[in-house]
Amino acid sequence: MAPRQAAYRLLFALLTAGGFLALAFTAARAQQDRIIDPDASVVNEQKLLQESERITGRIGLPDERAATLIQPAGRTWRYFHEVLLRWIGSIVIIATVLGLALAYSLIGRLRMSEGRSGTKVARFSAFERFAHWLTATSFVLLALTGLNVTFGKILLRPLIGPEAFTTLSESAKYVHNFISFPFVLGLILIAATWMRDNIPRKVDIEWLKQGGGFIKGRHPTAGRFNAGEKLVFWLALVAGAAVAISGYLLMFPFYGTNILGMQAAQVVHSIIAMLFIALIIGHIYIGTLGTEGAFEAMGTGSVDFNWAKEHHALWLKDEIAKGHVPKPPPRASASPAE
Amino acid sequence: MARMKFLCDAERCIECNACVTACKNENEVPWGINRRRVVTINDGKPGERSVSMACMHCTDAPCAAVCPVSCFFITADAVVLHSKDLCIGCGYCFYACPFGAPQYPKVGNFGSRGKMDKCTYCAGGPEADASQAEFDKYGANRLGEGKLPMCAEMCSTKSLLAGDGEVIAQIYKERVLTRGYSSGAWGWITAYRERIAV
């Protein structure tokens, strides 16, 4: 049956052609599918990290901190804490101590050129001394317990062992946190009592030009506080405020701060604290070993008449004028301000 | 010895949080502490991804480096563990950790965070293996029993992989080759300083 055969042939040809077409079509679609990258629109870790230091998302937990998925900045902070801070701290503190040792070996103790007169002039009231020593005691405790966090595991841990070092460091942590309150109170008292006498004046420029008290035989005149003391006052106030603010941010973690805020607070706190310690080492040297007759101002509250004449002539003049210096000492001249 | 790692294949994570629950249950983790969590990036938007994250047991771990009392130690399997007896709860490991892994039982005002707690890779702590003291402080010691961490074992889509770094990287590579695209192995570049080359 020829016509039937022809029809079958045609049908077969059509089916084959259709089959090929369908196959080709599928292949083309498959090709297209492969071109579309299902991952192209998806968030990419590397891209997110290039855009920001932290990758943050949504989390089902109430703890907001947990929403930060990755913060490579932690490694940067680690570098600061373990490397930079140690260098900054040791250089600043060792350089200060060496500098003072050099000053002592070159200049030695600054003696009163006329010796002691035997007459005392009241310099600091009991309240002023209380404010000073409150701040000073707190500062020393804060400095030692703070330095323990940075240097303790290198210097102290090998000596006393891990268990004892943990006990010590844990107590030190609480001492550091709670002694901050008397320290800040002391700072406020100091600021309130001495701010007026620490306002810079013209005489301070002359004092600085003459090299303060460090050049022998020269005693530039000064009011109640000389430019050096004023510098310590203002630096201590600024540094104190900075360590207090950054310290309280650390003490109340994640209140208004995120992880970056906490890291920044620690960086500010530790760098300023190291500089502050160096400043106070200098202050302690000048007030004790460096200057004869200086310590008793803060110790007993009164200084020798000749000491006042050499270091704070303008102040002494005022005190005499006010009648605060009862009877002029025998060896003192009528006009102490030379 | 193996070098134990975690790998979360974000392509497969469906944010079911079974890993979080499994971890809490297995280790009897105290209330408020999550050793593992699931974070969703670009939530509700096209291309969102969920990633299960815990301690990654980093190479050259930052937490161990910054600890002021050196309470961390690294096991032979490169698992990062710490001693709660030595921890003083200063919170520094949390500042240094790239993955937010360290947890504390309390909020922490006035330095009262308490002892740090984190993922132990189900490897317990410094106490004697399988002792009650170890369980009470650190949770299960599955690794000591030859088992992998519970979170990865429980993962319903096998998104979270735990085990020797080379082995899980190989499994991940095979997946990537089969499906034709990667999902990034989140955290690897930060934790282990390496990418999985496919």
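A residue is called buried if 20 or more other C-beta atoms, placed from the backbone, lie within 10 Å of its own, exposed if 12 or fewer do, and partly exposed in between; of the 198 residues of chain B, 51% count as buried. This is a predicted model, in which local features need pLDDT of at least 70 and side-chain atom pairs count only at pLDDT 80 or more, while totals for chains, interfaces and linings use all residues. Residues are numbered from 1 along each chain as its sequence is written, and chains are lettered from A, with ligands numbered from 1, in the order in which they are written.

Chain B holds seven helices and six strands, where helices (H or I, at least four residues) and strands (E, at least two) are DSSP runs numbered from the N terminus. Along the sequence of chain B they follow the pattern β-α-β-β-α-β-β-α-α-α-β-α-α.

Chain B and chain A are in contact, with two residues counted as touching if their C-beta atoms, placed from the backbone, lie within 7 Å; the contact takes 47 residues from chain A and 40 residues from chain B. On the side of chain A that touches chain B, the largest share, eight residues, comes from α6(A). The elements of chain A that give two or more residues to this side include these:

| Element of chain A | Residues |
|---|---|
| β2(A) | 58-59 |
| β3(A) | 68-70 |
| α6(A) | 162-194 |

Strands pair if DSSP finds at least two bridges between them, and two bridges join β2(A) to the antiparallel strand β2 of chain B, residues 37-41. Arg58(A) stands opposite Thr40(B) in β2(B).
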